[in-house]
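Dear colleague,

My notes on it follow directly after.

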Amino acid sequence: MTDIAASDIPAAISDTENHLYLVDGSGYIFRAFHALPPMRRSDGTPTNAVFGFTNMLMKLVEDLEADHVAVIFDTKRLTFRNDIYPDYKANRDEPPEDLRPQFALIRDAVRAFNVPCLEMEGYEADDLIATYALQAKQKGMRVTVVSSDKDLMQLVDDGVDMFDPMKNRAIGRAEVIEKFGVGPERVVDVQSLAGDSVDNVPGVPGIGIKTAAQLINEYGDLDTLLARAGEIKQPKRRENLIAFADQARISRDLVRLKDDVAITEPLERLTVEDPDDATVLAFLKEMEFKRLIARFESELADGAAAATPGAAPAEGSVGSPNPAGDVSYELVQEIADLERWIAAAHAEGTVAVDTETTSLNAMRANLIGVSMSVVPGKACYIPLGHTAGEAQGSLLGGSDGGADGPKQIPRDAALALLQPLLEDPSVLKVLHNTKYDALVLAQDGNGGIALGPVDDTMCMSYVLEGGMHGHGLDELSELHFDHTNIKFGDVCGKGKTQIPFSDVALEKALDYAAEDADMVIRLHRKLRPELPKAGLLTVYETLERPLIPVLVGMEKAGIKVDPQILRAMSKDFEKRLEELAVQIHELAGEEFKIGSPKQLGEILFDKMSLPGGKKGKTGAYATGADILEELAAKGHDLPARVLDWRQLAKLKSTYTDALVEAINPETGRIHTSYSMTGASTGRLSSNDPNLQNIPIRSEEGRKIRTAFVAEPGHKLLAVDYSQIELRLVADIADIESLKQAFRDGIDIHAQTASEVFNVPLKDMDPVTRRNAKAINFGIIYGISAFGLARQLGTEPGVAKKYIDAYFERFPGIRDYMDKTKAQAREDGYVTTLFGRRIHIPGIKDNNPARRAFSERAAINAPIQGSAADVIKRAMVRIGPAIREAGLKATMLLQVHDELLFELPEAEVEEATALVRRVMEGAADPVVELSVPLVADAGVGDSWSEAH
C-alpha cells in the first residue's frame, strides 16, 4: 500500500485552513483487496481489504493537513444512470466472495477513526465528490480529491486538485491533458466519444481517446462536432459519428458527474475531529490486527511521553520501523568504528549485510559501500568508493572533504577488516538476494571474498508465499512492517538528471544504505521462525539456500560465445529480411512498414479484404501471431511471409545482435543472471540476457547455439531429463499403464496413441503419434478442446473427442485434476512432491476466465514445480560429486530440464556418467518415484552439437 503523507501533497494545496479532502473510498477498497494476500479473523471472516484500508486510514489521519475531510463510498443499488442506459456497468463482475463481507467492516473502520463516512442511494461516490467539490470551491475552499479514478479528472481546475495514491503524485491540468489530450473542461466530451468498456459506456465505434481528443480539439466540443460530422474526411469515422450521434449524447449523460446532488450531510459538518483512542483500539482488537494494534499503542505511548516534561522517548518497536524516529544509523569513517561494528557482529553471531555498487549487473559492478545491521533499528554504512565533492557538513567534523572527496576508510584497509567477518563460518550473514552481493564481493578483497554462511530473506519469503506477491525488499518492508523504504530515485534522481550512487552525499547515502540492512535483519527475525511453523524449513534448507552458491559459481563462470559467428548470422538474417520485405511488398502491391501492426492490418483487411479482421480499442486491426497463423493455414501467402519476417527480425534483434553486446569484454563470455523467485512454481528464469528462450525447434534458432562454444581443449556437455513432467504425471496420477511404459522404455507418445485410439504399436503412424503427443503435453497445461484443435489443425469437436477418449482411458488423470483443484480451493495453494507450496491466488475468483486460468495453473503447478525441485536437487549435488571425483567440469547453464557443462576433453566419459547418475537419482531418498528418471547426454564443441 502507498501511504499518503503530508509531504506527498504539493505545498500549494497543503494549507490546513479551508482545505477539504475528499477520499474515494471505493477505489481504496479494491486496491487493498487485490494488493494484499488473504487474511482471516479467527472466526473465518476475511479481513485483508479491511487491513489495507485501515492502514491507509491511519496514515491519512496522522498526516492530514486539512480542516474538512470525508471518505465517500458507492452504494450497492442502481443509480440514475441505469435509468438512462439500463446496460450501464452491466458487464461488471460481482465483487469477489471474500470481499463482500468486508464492505461493512471498512465503513466501521472509517467511523472508528471519527472520519465522516458518506454514501447516497441512487448516486455514485463520484457524484457526491463532484457536489462537495463544487460547494467547497464556491465557498473559497481548496479541494483535494484523493483517487486514481480517471473519471474524476473532469473536476480538476484552479480550485480543485487530485492526488493519485497509486502513483503517489498530484494531478493538475497538465496531467489531465497528458491523459486525455484535452483540458479538464473537455474530458467529458472525449469520454463520450471514446466510451468506456469497463463501465459499458458505448461511445462511438472506432473512436478511441486519441482520436476523440483530436476531434474535440479541432471542433471545440461534442455538440459542434456532431453537428458538423458530415465534414469529416474519413468515410468510416464520418459514418459512425452520424449514425451513433445519439449514442454519444447518451454516453455524455453517463460519464458527466452530477454536481448538484441534494446531499443530506452539509459541508460544514465534514470537519476534522480527533478519534477516540478507546474506540479505535476496540475496533483494531475486534479485527485482530496485531501489527496495527502495536503501532497504535506505540503512537499513544509516544504521545504520552511527549506530553510529559522530562519523559524519555519511547523505545523503538522492532515490528514497526521508522527511520525518521526510533532508529540509529551510523556512518563509519574510522577504522576504530568499523572494528566496533565487526566485534558486535561476532558477539551477536548474525549480521545483515548489503552492498552498494555501480551497476545492477553483478559481473560489471564496482563496490561503493557496505551496510551492516546486527539488531533491528541499528545499522551502519561503510562508504568505500564515494567521490562526491560537496560539503559533508557536521558528518565530517566540519571538514568538506577537500579535493580528495569525502572522508572514507581506505578501501583496502576496510576490506581487509571485513573479509574475515564475511568469511567466518561462525557468523551467519543475512542478505536479501544474496547471489548478487556474493558475486560482487567475490571480485573484491584479497583474492575475492567467499561470502558464507548465509541466510536469504528473499528466498525465505519465496518459500513461504511463492505466487502471492513479489519478494523485493521494498515490497516486503511494506507488507510486513507497513514501512516504505527510501527509493533509489530519492537519493540519485531520475532520468537524465540521475547521478551515480558514488556521487551521492554521504548523509543521504547513509539513510538509504543502512535502512536496507536494517530491514533485512528485521525480515530475518520475522520470516525465519515462520519456516518451521509452516513445515517449509526443509524446502528452504535443501532446495533454495544451498542453490545460492551453485548459481553464484555458474554466473561467475559464464559461457564462451564466438562473436564472429553471431555477426555472420546477423548479416545473413539482414539479407534474408530484405529479400522477404521485397516479397511481402510485391504481394501487398505497395510498400509499407512491415513492423507496424497498424499498417499491416490495413493491408490485410482493408486493401486485401482477408477474413478475420478485428479492431481493438485503438481502432487498429489485431495482427498477432495467432491471426497470421490462421490466415497462413488458409493458404494466404502474405501473412505467411510476414510470420517468417517477424521470426527472423526477432532472432536478429533479440539474439544475434544483442548477444554480441552482452559479451563481457574482460572475460569474453556471457554471464546470464538467474532469478530464484521469478516463477511461482520454483523454476529458475534467466535474465540479462535470457538464455533459456533461444528457440530450438527452428533451424535458425539451433544455429544460434553454434555460437556458444567450449574453450580450446574442452568440450560442452549437455544433459537433460527425458520427458520428466510426463513421468511425474504418471507417478502423481498413478497411471499404471503409463508407468509401465516408462519402466519398459516404450515410446510414451506411441503408447498413449495406442491406448486412446486403439491402434497397435506395430501399426503406429506418425500422425496418430503426433496427436497423442499434443494431448500428452496439453493435458498437463489444462488445454481446452479449442486450443488442442488449433495445435492439430482440426475442429474443436474432434479435439474434444480426443480429450474425452484420453480421460476415459486414463481416469486417474481426471481424478488428479479434480483433487488438485479442490485442494487449491481449500488451502489456497498446491504442493510439489518435495513439499514446496505454490499459492494460487485466483482460484476462487468470481470471474470465470480468471478462475479457469487459476485452475489450469493449479493442475500444472505440482508437476512443473516437482520437476523444478528435482533439477535443483541435482544441481546442489553435482558440484560436490565432481569435486569428490577430482574432476574439473564446470556447470555453466540451466535451461529448464537441461544442464550444460564445460569440461576438459579427457573427462568427457567419466563426467558424463557421473552427471547422469546424479541427475537420475536426484529425487532419492526424499521421494521414491514409481517411474525412473532418465537423463540424456550429448557432447560437442558447441552447444548446438552437444544438444
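Helices (H or I, at least four residues) and strands (E, at least two) are taken here as DSSP runs and numbered from the N terminus. This is a predicted model, in which local features need pLDDT of at least 70 and side-chain atom pairs count only at pLDDT 80 or more, while totals for chains, interfaces and linings use all residues. Residues are numbered from 1 along each chain as its sequence is written, and side-chain values use heavy atoms, with hydrogens and water left out.

I begin with alanine 718, which lies in strand S17. At 4% relative accessibility, alanine 718 counts as buried (under 20% relative accessible area; exposed is over 50% and partly exposed in between, with a 1.4 Å probe and protein chains only). Leaving aside residues up to four places away in sequence, alanine 718 has contacts (heavy atoms within 4.5 Å) with Glu898, Leu899, Leu900, Asp936, Ala937, Gly938, Ala946 and His947. Of these, leucine 899 is 181 residues from alanine 718 in sequence, yet their C-alpha atoms are 5.8 Å apart in space. The bridge partner of alanine 718 in S22 is glycine 938.

The surrounding sheet comes next. Strand S17 covers residues 714-721 and is joined to S22 by 6 bridges, the two running antiparallel; strands are said to pair if DSSP finds at least two bridges between them. The open sheet has 4 strands in the order S20-S21-S17-S22, with antiparallel pairing. Strands S20 (890-895) and S22 (935-940) stand at the edges with a single partner strand each, so one side of each is left without a neighbour in the sheet. On average, neighbouring strands of this sheet are turned by 20 degrees against each other, direction ignored. Helix H37 (residues 908-920) packs on the sheet, where it touches S17, S21 (898-904) and S22, and its direction makes about 20 degrees with that of S17. For these angles, axes are lines fitted to C-alpha atoms, for helices over the stretch in contact, and values run from 0 to 180 degrees between N-to-C directions.

Now to the charged residues. Side chains of opposite charge can pair when their charged atoms come close. The structure holds 58 salt bridges, each defined as a side-chain nitrogen of Lys or Arg within 4 Å of a carboxyl oxygen of Asp or Glu. One of them joins arginine 142 and aspartate 161 at 2.8 Å, N to O. This pair links distant parts of the chain, 19 residues apart: arginine 142 is in strand S4 (residues 142-146) and aspartate 161 in strand S5 (residues 160-164). Arginine 142 is partly exposed at 24% relative accessibility, whereas aspartate 161 is buried at 16%.

Two further pairs sit within helices. In helix H11 (residues 245-255), arginine 249 and aspartate 246 are 3 residues apart, and therefore separated by about one helical turn; their closest N and O atoms are 3.0 Å apart in a salt bridge. Arginine 249 is partly exposed at 32%, and aspartate 246 is exposed at 55%. In helix H28 (residues 699-704), lysine 703 and glutamate 699 are 4 residues apart, again about one helical turn, and form a salt bridge at 3.9 Å. Asp455, Arg528, Glu541 and Arg545 are linked in a network of salt bridges.

Finally, histidine 483 is found in the loop between helix H18 (473-481) and helix H19 (488-492), and is buried with a relative accessible area of 7%.

With kind regards
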